[in-house]
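Please look over the sequence and the structure shown here before reading on. The briefing below goes through them topic by topic.

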Amino acid sequence: MNTTQADILVVDDEPSMRRYLQTLLEVDSYHVTTAQNGVEALRQLQNGHKPDLVLLDLLMPELDGLQTLERLRQTHPGIPVVMLSCVTDTRKVAQAIKLGAQDYLTKPFQKAELDAVLTHCLSQRSKSSGEVAETGEVEELSDDQFFVAASPAMRKIRAQVAQVAQVDVPVLMLGESGTGKEVVARLIHKLSPRADRTLLKVNCAALPADLLESELFGYEAGAFTGATRPKPGKFELCDKGTILLDEIGEMPPALQAKLLHVLQDQQFSRLGSRSMVKVDVRILAATNINIPEAIASRKFREDLYYRLNAFTISIPPLRERKEEIPLLLRHFMGLFATRYGRTPLSVSPNLVEACVKYRWPGNLRELENFVKRYLILGDESLVLSELESKRRGEPLLDEPAPEIPKERPADLKSLVRSLKDEAECEAISRTLRQTKWNRKEAARLLNISYKALLYKIRQYNLDRS
Ligand SMILES: Nc1ncnc2c1ncn2[C@@H]1O[C@H](COP(=O)(O)OP(=O)(O)OP(=O)(O)O)[C@@H](O)[C@H]1O
Ligand SMILES: [Mg+2]
């Protein structure tokens, strides 16, 4: 991106400050828009204005800078924000940085300071933006999610995604569990003209047929007992956006017919209503089942399949793109170290070799959990011997019976929280077993205080049995 043509939104309640910044920036041929408070800024963004950077005053009446920043991070995580503060605001500035502001300027500032901050933030942005995919193997999807593509197969998928993102056709993502179907769907949305609108995910396997129907299509008051008020479904909520129908292979046949209708005419009716609702929604679907088999056994409608598979992306399992393993190990290590506030551990040649040998039936999700476990346990030889036992197909001696897979929450924050809890609970129980429930020793191995361990044991309801 040419930084001098960048579009900058200035949010400040002081008219003189807005004028001053506007003049300075326009002299350097930036394109400038202004807003006199947080509410107005958010409204501009909601209306589709997408600046390359926001200069945001900290102290404003009504919605202050921090509150505005918080909302901005949720709705437009990709736009860098620079805070405008006063000398006395240090605590608020620190909070803003925690909330995701890229940088700050203390009023009154010199033009040179402004220039330096803008150049830095705008060049960061162009590095992480999707348009320059060839240069990087890791690209940012949102604050905490990335797309890694380092093998020829994944680069090809990256290129296909860039093309199909532009055209409003449905896309079907196929691949084993944990290969990254959802990540690819998010990338499609991010590179599409709908990127500013929402992407909603619905897990078709998570709900019984009638609940799934009301979730997707909504209902009118009185449609069934308990329906006291009308409620729009996900299709209406993401009008102009994208919907990801996850595990579409599990969608009940009756609903498949209704979905087919939406695909054909972009319209449907709420439960209990006769009138049609028209929506403009891009449909992405993902599944790990073998669809031709499901069609043969009449679990899946053939006509729906032909509608959905106008464009299919088959994501290869990790064992077929093992050259990505070293990069993925380092990437996940950095990501989780940051997320859990830990120092990243070294990814030794030994570790890489063992990981390349292993087949990863759970694909990237399994690799992620492996890295989390290593990070939490901090013991390379321990995780390597576990991997070796798995590789030999032996059940781990002290491994508990395999769990029934849990349904994961759809919302990203809860998902991250639940994954973290899972990894943490697993690491703690293993260490306790390893130390024969010597809790002092376990706390030492886990590198947490004894008190924190006791608290966690209670939190996760762990006991010797
Ligand atoms: N290309 C990738 N780059 C970085 N991380 C990835 C990539 N692919 C997958 N992941 C990570 O691996 C995990 C599994 O990915 P994802 O949820 O997209 O898989 P999935 O195919 O939808 O799995 P399932 O069928 O079990 O729902 C996620 O945490 C995701 O962030
Ligand atoms: Mg998925």
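Trp-437 counts as buried, because its relative accessibility is 13%, under the 20% cut-off. In this predicted model, Trp-437 sits in the loop between H17 and H18, and its phi is positive, near 65°. The points below take up backbone geometry, the helix ahead of that loop, the ligand site and the cysteines.

**Backbone geometry**

- Most residues other than glycine have a negative phi, and most peptide bonds are trans.
- Lys-436, which follows H17, has a positive phi near 50°, and Trp-437 likewise has a positive value, near 65°.
- Ser-29, placed in the loop between helix H1 (15-27) and strand S2 (31-35), is another non-glycine residue with a positive phi, near 55°; with a relative accessible area of 46%, Ser-29 is partly exposed.
- The peptide bond that leads from Lys-107 to Pro-108 is cis, its omega being near -5°, and Pro-108 belongs to the loop between strand S5 (103-106) and helix H5 (111-128).

**Helix H17**

- Helix H17 covers residues 412-434, 23 residues in all, and spans 33 Å from its first C-alpha to its last, close to the 33 Å expected at 1.5 Å a residue.
- The buried residues of H17 include Leu-415, Leu-419, Ala-423, Ala-427, Ile-428 and Leu-432, and among them are also Glu-424 and Arg-430.
- These buried residues pack against four helices, namely H15 (363-377), H16 (380-391), H18 (439-446) and H19 (450-459).

- Oxygen atoms of ligand 1 lie 2.7 Å from a polar side-chain atom of Ser-177, 2.8 Å from a polar side-chain atom of Arg-365 and 3.1 Å from a backbone N or O atom of Gly-180.
- On its own, ligand 1 has 630 Å² of accessible area, of which the protein covers 89%.

**A buried lysine**

- Lys-201 lies in strand S9 (residues 199-203) and, at a relative accessible area of 15%, is buried.
- The side chain of Lys-201 makes a polar contact of 2.8 Å with the side chain of Glu-182.

**Cysteines**

- The structure holds zero disulfides, and for Cys-204 the nearest cysteine sulfur, that of Cys-238, is 13 Å away.
- Seen from Cys-238, the closest cysteine sulfur is the one in Cys-204, and because the distance is 13 Å, the two are too far apart for a bond.
- Both of these residues are buried, Cys-204 with 1% relative accessibility and Cys-238 with a relative accessible area of 0%.
- Cys-355, in helix H14 (residues 349-357), is buried as well, with a relative accessible area of 0%.
- Apart from neighbours within four places in sequence, Cys-355 is in contact with Ile-325, Leu-329, Trp-360, Phe-370 and Leu-387.
- Between the C-alpha atoms of Cys-355 and Asn-438, which are 83 residues apart along the chain, the separation is 31 Å.

Definitions and conventions. Residues are numbered from 1 along each chain as its sequence is written. Chains are lettered from A and ligands numbered from 1 in the order in which they are written. This is a predicted model: local features need pLDDT of at least 70, side-chain atom pairs count only at pLDDT 80 or more; totals for chains, interfaces and linings use all residues. Side-chain values use heavy atoms; hydrogens and water are left out. A disulfide is a pair of cysteine sulfur atoms within 2.5 Å. Buried means under 20% relative accessible area, exposed over 50%, partly exposed in between (1.4 Å probe, protein chains only). Helices (H or I, at least four residues) and strands (E, at least two) are DSSP runs, numbered from the N terminus. The expected span of a helix is 1.5 Å times one less than its number of residues. Contact means heavy atoms within 4.5 Å. A polar contact is a pair of N or O atoms within 3.5 Å; within protein, one must be able to donate a hydrogen and the other to accept it, and residues adjacent in sequence count only if both atoms are side-chain atoms. Accessible areas come from the Shrake-Rupley method with a 1.4 Å probe; for residues, only the protein chains shown count as cover.
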